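Hi,

Here is the structure I promised to pass on.

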Amino acid sequence: MEDPTKPGANNSVWKVAALVTALGTNFAMCTIGGFYFGSWLDKLWLTNGVGIGLGVLAGIAVGIVSIAVLIRSVVRGK
């Protein structure tokens, strides 16, 4: 087992922390982006909340897909 205090050691704790942070940030940004996209759709369609609902749902879906892609790339080691 490697000494985690050695320079250049494989610090898996920091890698996991970075991955969790990236996953949460990625999901939040996709959802927020979906909200703003839906807000734009509401102004375009002159509706009240339908666009925001669709935008948030689309943002959540994109966030889930991007999280799956990120996890797959980490598991494969790329």
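Below is what came out of the analysis.

First, the ground rules: this is a predicted model, where local features need pLDDT of at least 70, side-chain atom pairs count only at pLDDT 80 or more, and totals for chains, interfaces and linings use all residues. Residues are numbered from 1 along each chain as its sequence is written, and side-chain values use heavy atoms, leaving out hydrogens and water.

The protein chain has 2 helices and 0 strands (DSSP runs, H or I of at least four residues for helices and E of at least two for strands, numbered from the N terminus). Just after α1, Leu46 takes a positive phi of about 60°.

On burial (under 20% relative accessible area is buried, over 50% exposed, partly exposed in between; 1.4 Å probe, protein chains only): buried residues make up 18% of the 78 residues in the chain. In α1 they include Leu23, Cys30, Gly34 and Asp42, and part of what covers the buried residues of α1 is α2 (50-76).

The structure also holds 2 aromatic pairs (Phe, Tyr or Trp rings, the six-membered one for Trp, with centres within 6.5 Å; planes under 30 degrees apart are stacked, over 60 edge-to-face, the rest tilted). Phe35 and Tyr36 are edge-to-face, because their ring centres are 5.4 Å apart and their planes at 75°. Phe35 is partly exposed at 36%, while Tyr36 is exposed at 55%.

Cheers

Definitions and conventions: Contact = heavy atoms within 4.5 Å.
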